[in-house]
Amino acid sequence: MDLVRRPRRNRKSAAVRAMVAENSLSVNDFIFPMFVMEGKGVKEEIKSMPGIFRFSIDELLKELEEVVELGIKCICLFPNYPEEKKDKLASESTVEGTLYLKAIEEVKAKFPDLLIMTDVAMDPYSSDGHDGIVEDGEILNDETVEILCDMAVAQAEAGADIIGPSDMMDGRIGEIREALDDAGFTDVSIMAYTAKYASAFYGPFRDALDSAPKFGDKKTYQMDPANVQEAIMEADIDFDEGADMMMVKPAFAYLDVIKALKTNFDIPITAYNVSGEYAMIKAAAQNGWLDGEKAMMEMLLSMKRAGADIILTYFAKEAAAILKKG
Ligand code: PBG
């Protein structure tokens, strides 16, 4: 054949392929989500998330030696609270010395250079298992935002670097920004969960936190998987309200949404590679149906290709180890 264009020439060896690669993964892009629980000496594997654990604070600190050694720069902490500490107003979230705030303080004291992103939402502390205050089966918006502001300030006081409101209430980014600024935390960043969908892919995470909704679903606040235009509208609002970074969640089934935000906004875009996406690959790999490592790297790379600057992923440690080997 008399071909002028032979695209295969740029694929002919590992060296050429490396040279022309358009996207790559770096450990600098990863945020590692971790679960903390009460007790001492506890390291409990989450059934639906093989390789991911709930740690008591002492064990978390041990685990972090390894995480930091791998070059991971940021973790995202989530607390698992016993049922008896939960109530309708998530009161536990701002109690002085409570597990979550104590964990932030202790991690910061031991690893001052490690960034800590926190979770701002009521569900870990809510007896209703919802992200907001429930009244007559409805989730109250503005009243919830007040609680979220207190939570954010308490977390900033404990040493959080990045506040992550994962609740999807309207107007919370601006209110949280103002509350942080008023309390003197002008340097504490906000990672807005901008386009967070009402997704079945959060199942394993809710196991990890025992935080599944006690009734109904989260569709009156989390987004409809059918929509992308609405994500841009949410992003407009979060941008105007002062978000430093914006997130799309889940990631793998929403690559088009990542792309849409990356194209339209000039702040870092984050992909949350959620628990169900992790569990799918792990389950298939355990059955010998997929090469787990290769599928993981391909999944993560797809998020970079779509435009993600940052990836929150339970694979962070594993992927970091592979990247370190080179
Ligand atoms: C709740 C929250 C959820 C996740 C992070 N924060 C679950 C939910 O909205 O029900 C899910 C993360 C994951 O699945 O990995 N505020």
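Colleague: How far is an oxygen atom of the ligand from an N or O atom in the side chain of arginine 206?
Modeller: This is a predicted model, in which local features need pLDDT of at least 70 and side-chain atom pairs count only at pLDDT 80 or more, while totals for chains, interfaces and linings use all residues. Residues are numbered from 1 along each chain as its sequence is written, and side-chain values use heavy atoms, with hydrogens and water left out. From the oxygen atom of the ligand to an N or O atom in the side chain of arginine 206, the distance is 2.6 Å.

Colleague: Which residues around the ligand come nearest?
Modeller: A residue is counted as near a molecule or strand if one of its heavy atoms lies within 4 Å of it. There are 17 residues around the ligand, and those that come nearest are Arg206, Lys218, Lys249, Ser275 and Tyr314.

Colleague: What radius of gyration does the protein chain have?
Modeller: The chain contains 11 helices and 12 strands, where helices (H or I, at least four residues) and strands (E, at least two) are DSSP runs numbered from the N terminus. The globule rule, 2.2 Å times the number of residues to the power 0.38, is compared with a radius of gyration taken over C-alpha atoms. For 326 residues the rule gives 20 Å, and the chain comes close to that, so it is as compact as a globular protein of that length, with a radius of gyration of 20 Å.

Colleague: What percentage of the 326 residues count as buried?
Modeller: Buried means under 20% relative accessible area and exposed means over 50%, with partly exposed in between, using a 1.4 Å probe and protein chains only. The whole protein chain exposes about 14900 Å², of which carbon and sulfur atoms supply 51%. Of the 326 residues, the part that counts as buried is 56%.

Colleague: Is alanine 154 buried or exposed?
Modeller: Alanine 154 is found in helix 4, and, leaving aside neighbours within four places in sequence, it is in contact (heavy atoms within 4.5 Å) with Thr94 and Leu101. Its relative accessible area is 10%, so alanine 154 is buried.

Colleague: With which side chain does the side chain of serine 166 make a polar contact?
Modeller: Serine 166 is found in the loop between strand 8 (162-165) and helix 5 (172-182), and it counts as buried at 4% relative accessibility. A polar contact is a pair of N or O atoms within 3.5 Å; within protein, one must be able to donate a hydrogen and the other to accept it, and residues adjacent in sequence count only if both atoms are side-chain atoms. At 2.6 Å, the partner of the serine 166 side chain is the side chain of aspartate 119.

Colleague: Which peptide bond is cis?
Modeller: Most peptide bonds are trans. Proline 250, found in the loop between strand 10 (245-249) and helix 8 (255-264), takes part in a cis bond with omega near -10 degrees, which runs from lysine 249 to proline 250.

Colleague: What positive phi does aspartate 210 have?
Modeller: Most residues other than glycine have a negative phi. Aspartate 210 lies in the loop between helix 6 (203-209) and helix 7 (229-240) and is partly exposed, with a relative accessible area of 42%. Although aspartate 210 is not a glycine either, its phi is positive, at about 50 degrees.

Methods. Accessible areas come from the Shrake-Rupley method with a 1.4 Å probe; for residues, only the protein chains shown count as cover.
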